[in-house]
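Thanks for coming, everyone. I'll walk you through one structure today. Here it is.

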Amino acid sequence: MDKSKLPPENRSLRAPDPKDYPGFYEETDEGEVATLHYFVDAMYYLEATGDPSAVNLVTDDSQCSACVEARDSAVEATSSGNYKSQRRAQILSTDYVRTDEEAGVYLEYTVTPGAVLTGDNAGQEIEGAQFATVSSATWSDGHWKLTAIASRRLDR
């Protein structure tokens with residue numbers, strides 16, 4: 001990836017590393033939780049760099065239309081020169097939910113404040129926020145792939 005087009009403060013950013021998410025490569029409940037946390041951080045990395053590769057690693061495009069919409073929206077924004085500062089999710093709680101028919105992950109987290117660095121809204125502050133996100137996933141090729149995701153802001 002050519003980082004020369006990025007805002008100077010984003011040029012040294014690195015994509016999330018699956019090894020930093022304990023259980024990521026395990027076919028366990030913890031592995032599925034780690035995958036959702038990774039996806040959230042990968043989306044914030046995408047908003048800062050325009051690089052979708054980390055998001056692509058954990059999404060099943062044929063099943064997760066919300067994943068595709070979120071990724072494509074961020075790619076479109078960065079393609080238009082709208083880059084945000086790097087932000088990360090700070091996990092507050094996790095849960096693995098099972099019913100007779102489905103299973104999935106619940107993740108509650110806060111995200112650090114940031115700013116729009118370039119583009120139409122350059123200089124605009126982005127407030128920190130608290131979110132709840134739920135997902136389902138399937139095990140494929142040695143790691144989880146998200147098949148559905150939904151998120152809502154909790155602090156409003």
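**Surface, fold and salt bridges**

The protein chain exposes about 8300 Å², and carbon and sulfur atoms supply 46% of that area. Those areas come from the Shrake-Rupley method with a 1.4 Å probe; for residues, only the protein chains shown count as cover.

A word on the source. This is a predicted model: local features need pLDDT of at least 70, side-chain atom pairs count only at pLDDT 80 or more, and totals for chains, interfaces and linings use all residues. Residues are numbered from 1 along each chain as its sequence is written, and side-chain values use heavy atoms, leaving out hydrogens and water.

Now the fold. The order is α-α-α-β-β-β-β-β-β, with helices (H or I, at least four residues) and strands (E, at least two) taken as DSSP runs, numbered from the N terminus.

Next, salt bridges: a side-chain nitrogen of Lys or Arg within 4 Å of a carboxyl oxygen of Asp or Glu. The whole structure has 7. In one of them, Lys84 meets Glu47 at 3.9 Å, N to O. Lys84 sits in the loop between α3 and β1, Glu47 in helix α1, 37 residues apart.

Buried means under 20%, exposed over 50%, partly exposed in between (1.4 Å probe, protein chains only). Lys84 is partly exposed, at 28%.

Last pair. Glu127 and Arg156 meet at 2.8 Å, N to O. They are 29 residues apart. Salt bridges that share partners join Glu127, Arg153, Asp155 and Arg156 into one network.
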